[in-house]
4 protein chains.
Amino acid sequence: MVTASRSIDALFDLESRVAGILSFEAALARVSAQLGVIPASAGDAIVNQCDVAHFDLSEIEREAEPAGNEAIPTIDRLRALVSATDEAAATYVHWGATSQDAIDTALVLALRDALGKIDEQLAQVIASLADLAELHAATPMVGRTLLQEAAPTTFGFKVAGWLDALLRHRTRLTQVRDEARVLQFGGAVGNHAALGDDGPRIAVALAAELELTNPELAWHSIRDRLANVATTLAATVGTLGKMARDISLLAQSEIAEVREPSAVGRGRSSTMPQKRNPVGCAAILAAAVRAPGLAATMLSSMPQEHERALGGWQAEWATLPELVSIAHGAVVHAAFVAAGLEVDSDRMRQNIVATNGLIFAESLAFALNARLGRARGSEALGRAIQRRADSGTTLRAALEADPTVTATLSDDELSAVFDVRRVVGVAEQVARRVAAAARASVGPGAKPR
Amino acid sequence: MVTASRSIDALFDLESRVAGILSFEAALARVSAQLGVIPASAGDAIVNQCDVAHFDLSEIEREAEPAGNEAIPTIDRLRALVSATDEAAATYVHWGATSQDAIDTALVLALRDALGKIDEQLAQVIASLADLAELHAATPMVGRTLLQEAAPTTFGFKVAGWLDALLRHRTRLTQVRDEARVLQFGGAVGNHAALGDDGPRIAVALAAELELTNPELAWHSIRDRLANVATTLAATVGTLGKMARDISLLAQSEIAEVREPSAVGRGRSSTMPQKRNPVGCAAILAAAVRAPGLAATMLSSMPQEHERALGGWQAEWATLPELVSIAHGAVVHAAFVAAGLEVDSDRMRQNIVATNGLIFAESLAFALNARLGRARGSEALGRAIQRRADSGTTLRAALEADPTVTATLSDDELSAVFDVRRVVGVAEQVARRVAAAARASVGPGAKPR
Amino acid sequence: MVTASRSIDALFDLESRVAGILSFEAALARVSAQLGVIPASAGDAIVNQCDVAHFDLSEIEREAEPAGNEAIPTIDRLRALVSATDEAAATYVHWGATSQDAIDTALVLALRDALGKIDEQLAQVIASLADLAELHAATPMVGRTLLQEAAPTTFGFKVAGWLDALLRHRTRLTQVRDEARVLQFGGAVGNHAALGDDGPRIAVALAAELELTNPELAWHSIRDRLANVATTLAATVGTLGKMARDISLLAQSEIAEVREPSAVGRGRSSTMPQKRNPVGCAAILAAAVRAPGLAATMLSSMPQEHERALGGWQAEWATLPELVSIAHGAVVHAAFVAAGLEVDSDRMRQNIVATNGLIFAESLAFALNARLGRARGSEALGRAIQRRADSGTTLRAALEADPTVTATLSDDELSAVFDVRRVVGVAEQVARRVAAAARASVGPGAKPR
Amino acid sequence: MVTASRSIDALFDLESRVAGILSFEAALARVSAQLGVIPASAGDAIVNQCDVAHFDLSEIEREAEPAGNEAIPTIDRLRALVSATDEAAATYVHWGATSQDAIDTALVLALRDALGKIDEQLAQVIASLADLAELHAATPMVGRTLLQEAAPTTFGFKVAGWLDALLRHRTRLTQVRDEARVLQFGGAVGNHAALGDDGPRIAVALAAELELTNPELAWHSIRDRLANVATTLAATVGTLGKMARDISLLAQSEIAEVREPSAVGRGRSSTMPQKRNPVGCAAILAAAVRAPGLAATMLSSMPQEHERALGGWQAEWATLPELVSIAHGAVVHAAFVAAGLEVDSDRMRQNIVATNGLIFAESLAFALNARLGRARGSEALGRAIQRRADSGTTLRAALEADPTVTATLSDDELSAVFDVRRVVGVAEQVARRVAAAARASVGPGAKPR
């Protein structure tokens, strides 16, 4: 599907999942042998067979259904392979572990990589948006509220809004990545009952071996860390969706202030050659429609029964990878769109002009009210807006024809009201400041492709 | 994933989607030629190339991303293939259609098949549950509310509750299947602008050719029928989840009134050989956790922009097939569980006995209150419950030691209070009635496998 | 909240809920007395006290929390009131019922009324949209796909798309209203264990008394009918959201093809007097954002435990009324917007003109390709589009300067390509047909207010 | 509704919302006067009228609907009140602000208080669970996976799992509370266009006055902080739901290892006096069903249009308060349940005994396999399990009758296998460690009530 990410999907496909289970089993055998919990020869014999190439994936898939999960047939097969070379060693396959230990640890390993890829792309988006915010810090454009033209702003300020949020998302994603990088190892009911005091010793070594952290206790049915990953990803997609919403609205034919980057075969219509469809925004917005439901599923699955769950755990299996995949897809599209966004600052200025000055109504209201009081000020403003509509002229011309106004505001003062640069002065400063902070955060390494 | 359905996934995978697009294009060419809208030779030339085996799927997948959808590269390739044999005919590939016409029609064709498969399985579930409801219409068991033992019921009555709902779901699914079996064909903005009056004529013939209904107008951005499919499936999964919740609770080691069917390799624990895990229920419950979020996504995607949407449509692509897949997975698991459910009616009776008569407290309250009034009746009941707790005896023994009670209810009357058959008399009738209705609805053909 | 509906909220507030419980208790007492199950005098005594004015709502609210639901304190209080006038009658309060019987029946009664109100408003929307579809059946406007100008359509055709879906929604809502109008009455575990054969007799009479249908069996933990109500409402809101999305996009300052109706105090900005904010669309779109999550909650709550649930049932209490309320709010806003929508057909025509003919590119492509074949036709079209862009002229002027084109299409043929009436001919017919069907469905009674 | 929280609902009701808007307006007037942006007298005149008691709430509610939000009529009324005492001052009401500035700031103020209340209750839960984890660190009980008896654990270890997660949730909630405590102040399009350089100066002072932080820029349509509040609350409810799921399962009549605390009027059945319904768990589980949908709505609302949104913002209004309310309700119920939970450690031991030793199968498997190798070990174990089933004896007795076993494991070794204290040794240590960390985190102040 266009909205998912093939490179992420590969991290979570059956082959990768089985490989992850085998990484767990190999590491477990290695450290258990090092600690003398299992014979050294058994450790070697097991490690040697932990290669996904030896495993028939379609067989595992078939047997996983009745077994209830894919670790069970994988470990059966591993045991058979080990047994064929060292019968005694086969006893020590999966020693002290439960199938969920292997599956969850494999998940965590894949998640670590996937979140790393998302972070890289997010840094790209941030770097590109920082350039845009800086470049267009003072580029005036129409600000719009409730889809109506409202008051002037700058494009850099608008970009800074997206950027500022994405900096927060990146920080949060780093936190959840660190938090979720946690070993699963507890045995049948999570308390190392089978291994006794060896359990915690192995856990410490196993976490170190896999470069994971060792949690206070097993989290077979305690899933807050994964839920946190899910919701943090979904919120990031939400902000990317906000950016895509804005870009796609600005790219409407009638507004035409920005366009998605062009590329061969990109955004074509099969029947309308004049179109350049904003397909990047479409993909991001689709992700933003999908992410909430997937995040909700992760939250719904949390009340898991006792030591290991019936249903809630299984509900996570497809859901979290899917969410990670669409988050990656969204950020890849965002990186492409942000890096090559075509900004038409002339059109932005024309769209301001086309409002006939109405976009300065707020600015004008402040100037009039400060002098005339709100009652008389509002009256004068209303009169000017009506006169403008009737005569088809500009708001300024309408004002200049009003003796109350001309008696109140000098020509210079009126010019100041309609001076877009003055009106958006703060916007420019903010845009530059956020751009600078963003650049500092991603460093020089994150160059837009 | 264990919770999805491979046979359904195949209906919606890339190969099937491309094949569906080609079915649309072939039918369009055929009927357009028949109606004289395109040359007859062009029709043949196009139809001849509409074979998915001629298409490089990985290329289509790669080009779909920048293009925005997979119909565009598929149609490009089809045009190239046709052109190689009949250059003039290539002009008439996809004549009058837009890419969404092909994609949506392909979806609808797949959906029709998938809903048919779900219906077959649902008929199996219904047939098996009808047997269970009939067989155990009078099998007494503990009824439980808020997870507390409450009052007696029968297992058949419990099954009848699931069954009665599933009959409604099956009717609703038939309705939505009929409703959603609808051609998509409208051209760029849905109004046949390119074809003029030929448009409606082709639409009628095309719908007939594909055995679809011809809608009043194109539904490119009007998605209520699909949303309706989604929510109807999700609600069905919800009821299957209710059944699985009940079965898994009854299958708890401490209650042990039912067990999932056994089979080689099914429900094993990797470390605890004594266990038989209810993996069917786990899969169904996982589906019930996942379906609501997917249905919500389909609802969220409905407010689609103008004539064809930006984001909302794309959000459907993975979501609806996923939901169909887990619905099918859930109903397949339910069919297996229902067909082979092991019901331990002895244990059900023992669990009634183990309440020491407390489960007849409601029955008793009615008998006492009718004679003594609620105030004195409640007092007598409370006294008996306390006495039973203190002495470790049964509620009946405690009552027999209470002169107020013995003065109020004769021994026969007391026996009637504790006569489970009498208490659950209505339950039996209902169970038989629902079972009969269920059998009538599925007919003799739906035999449990 | 602006997005909810106060008139609906009132149907589900505490006072109405308690009144609903009392309606159930009064009807139960009345029919039980009629059938001789309880003394006639007790029936009268109970019915006489079933007046919500006698009940201290804040006390009930306070006691509901520890008790677990509000029926328990309500029935306690009813019993006390009855006891004060007729001690013996107090025994027969709530005779044979469980608290969920009263709560669910009260819910169903409120739902029946609420769905009736929604239906009335929906008929208004349909009547107004039918007028718009008819009036503007032939009003040409720009059709837009992926937020880009695509090909011509008519406003009536666009309205017909909304309308056609709303007709389906209204039919579905009528179905679910009928289906959900179902008595709840089963006693502690749903099987009338306390009443025996009197149970079904009372159920029949009670359903008749309350003008509800009598279900096959109690549905304390079988919630498919309510889930169906929820999702059907949510899908209706989704289609209203589609309508509001379109209207708000068309109402953008830069497009200005429609405006929401004006009214005193409506859509004002506190600082920008020139604005008319589309607040009706905002409310509808907010409802469309909210409805999916609420519908998902109803689906998530379905797997309820055994005979009465722990958590799932309670999750419905606030959720379903909230969803009904926002659905009603959305349809009320839609009725207002549809009844007074200001359509600027001049602006629609101007926006077509402003595309410089590009919007006829699809129409042109068909004409050229039919004559030149797709390869040469596409080339000629591309050339004309480029020439138009370079020269700032119209597409037609660019074509007339191209000898290939002039040699291919006569002036009349070219005029036909750019004749919007011809291009949108089918749209007009469809719009009129859907409008007629809509009017027939609502009858003459549903006049827009 | 039982599942919400009245004390939280009050923070977000109309009166509180209007009061919050007035707090914003008063603070704005005060600091604007202090900074010389508005006349000092105007500041005083405005501040004096910012008292919610002067406002007709039903009028505001009525006018909010057409206006689009409740700030507009509130500010109109404030202006009228000020005007009545100081006509000139009325001009400076709401000076430089937009209605969303007032509404969002009022929301943030209420949220700060609400999150504070949630934190207090969460500290109570944590303190009570720390006591339980410590007290029952070594209390053996059956560990259960997939709702089947699996292997021994301790109740303290189980509690430690809930506790460990709740410590993380509390940290996260503190983070989001700090992050979300952020002033909204930007004027019409968020860039202080009306105030120019005065804008940032006022913002700094206003944030200080209201004890909020001053953000880099206005966040009218950038809602990640609120989404983060929502999902963090929902995940906390998810973990409380896990705790409630476990408790309610353990409280089943047939398992009876724990009971919710009793209290007058708590958990009664209207017809079954012997029951004590786990109504606290029911309320928490209901919250856990509801929270995901509400959190999803907050995520779905994120892609808000341009400078201020059409629909997305409005969708938040009821959703976030509802989620805060159910989160508070859940944590209040959890505090009550945790503080008074009745733990029956005798019953926990009996339930272990009732497994006839099968719960030690994993422990036994390790002992046998280590000596005999997995193949022969599994065989011996399977034999013993079968023999136990056939003879109705204990697993140990079955083993003692098996010469292979007696030749392999000495009596002392066999005793060690079945020694629950040895088996759960690690569990005890973990429980004590987590309890100690929890106590350290909440300090001595958080005493269970």
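By what turn, and with what RMSD, can chain C be laid on chain D? A turn of 180° does it, with an RMSD of 0.1 Å. The model shown in these views is predicted.

**View 1. The axis relating chains C and D.**
Chain C superposes on chain D by the 180° turn with a shift of 0.0 Å along the axis. That is the relation of a two-fold axis. In chain C, C:Gly293 has the C-alpha nearest the axis, 2.1 Å from it. Both copies use the same surface: 100% of the contact residues of chain C recur in chain D.

**View 2. The interface of chain C and chain D.**
Here 51 residues of chain C meet 51 residues of chain D. About 4,400 Å² is buried between the two chains. Carbon and sulfur atoms give 61% of that area. The salt-bridge rule finds two cases across this interface. One salt bridge joins D:Arg245 to C:Glu305, with the closest N and O atoms 3.6 Å apart. On the side of chain C that touches chain D, the elements giving two or more residues are α4 (57-67), α5 (71-85), α10 (224-250), α11 (279-300) and α12 (312-340) of chain C. Of these, α11(C) gives the most, with ten residues.

**View 3. The interface of chain B and chain C.**
Chain B brings 87 residues to this contact, and chain C brings 87 residues. The buried area is about 7,500 Å². Carbon and sulfur atoms account for 61% of it. Which residues of chain B lose the most area to chain C? They are B:Glu216, B:His306 and B:Phe366, together 10% of what that side buries.

Ten salt bridges cross the interface of chain B and chain C. A salt bridge pairs C:Arg172 with B:Glu179, the closest N and O atoms lying 3.0 Å apart. Several elements of chain B each supply at least two residues of the side that touches chain C. The strands are β1 (140-145) and β2 (148-154). The helices are α8, α10 (224-250), α11 (279-300), α14 (361-391) and α19 (425-442). Which element gives the most to this side of chain B? It is α10(B), with 14 residues.

**View 4. A tilted aromatic pair in chain B.**
A search of the whole structure finds 24 aromatic pairs over all chains. Among them is the pair of B:Phe24 and B:Phe185. The ring centres are 6.4 Å apart, and the planes make an angle of 55°, so the pair counts as tilted rather than edge-to-face, which needs over 60 degrees. B:Phe24 sits in helix α2 (residues 14-34) of chain B. B:Phe185 sits in the loop between α8 (155-180) and α9 (198-209) of chain B. The pair therefore ties together parts that are 161 residues apart in sequence.

**View 5. An aromatic cluster with residues from chains A and D.**
Ring pairs link three residues into a cluster. Chain A provides A:Tyr92 and A:Trp95, and chain D provides D:Phe366.

**View 6. The buried residues of helix α3 in chain D.**
Helix α3 of chain D covers residues 40-49. Its buried residues are D:Ala42, D:Gly43, D:Ala45, D:Ile46 and D:Gln49. An α-helix has 3.6 residues a turn, so residues three or four places apart point the same way. The buried residues of α3(D) pack against α2 (14-34), α5 (71-85) and α6 (87-90) of chain D.

**View 7. The surroundings of C:Glu70.**
C:Glu70 lies in the loop between α4 and α5 of chain C. With a relative accessible area of 12%, C:Glu70 counts as buried, because that value falls under 20%. Beyond its neighbours within four places in sequence, C:Glu70 contacts C:Leu14, C:Arg17, C:Ile21, C:Ile60, C:Ala64 and C:Ile103. Which residue's side chain makes a polar contact with the side chain of C:Glu70? It is C:Arg17, at 2.5 Å. C:Gly425 is 355 residues from C:Glu70 along the chain, and their C-alpha atoms are separated by 60 Å.

Note on methods: Residues numbered from 1 in each chain as written. Chains lettered and ligands numbered in written order. Predicted model: local features only at pLDDT ≥ 70, side-chain atom pairs only at ≥ 80, totals over all residues. Heavy atoms only, no water. Phe/Tyr/Trp six-rings, centres within 6.5 Å; stacked < 30°, edge-to-face > 60°. Helix = DSSP H or I, 4+ residues; strand = E, 2+ residues; numbered from the N terminus. Least-squares fit on C-alpha atoms with pLDDT ≥ 70 in both. Contact = heavy atoms within 4.5 Å. Buried area = accessible area lost by both parts, 1.4 Å probe. Salt bridge = Lys/Arg side-chain N within 4 Å of Asp/Glu carboxyl O. Buried < 20%, exposed > 50% of the residue type's maximum accessible area, 1.4 Å probe, protein only. Polar contact = N/O pair within 3.5 Å; in protein donor to acceptor, adjacent residues only side chain to side chain.
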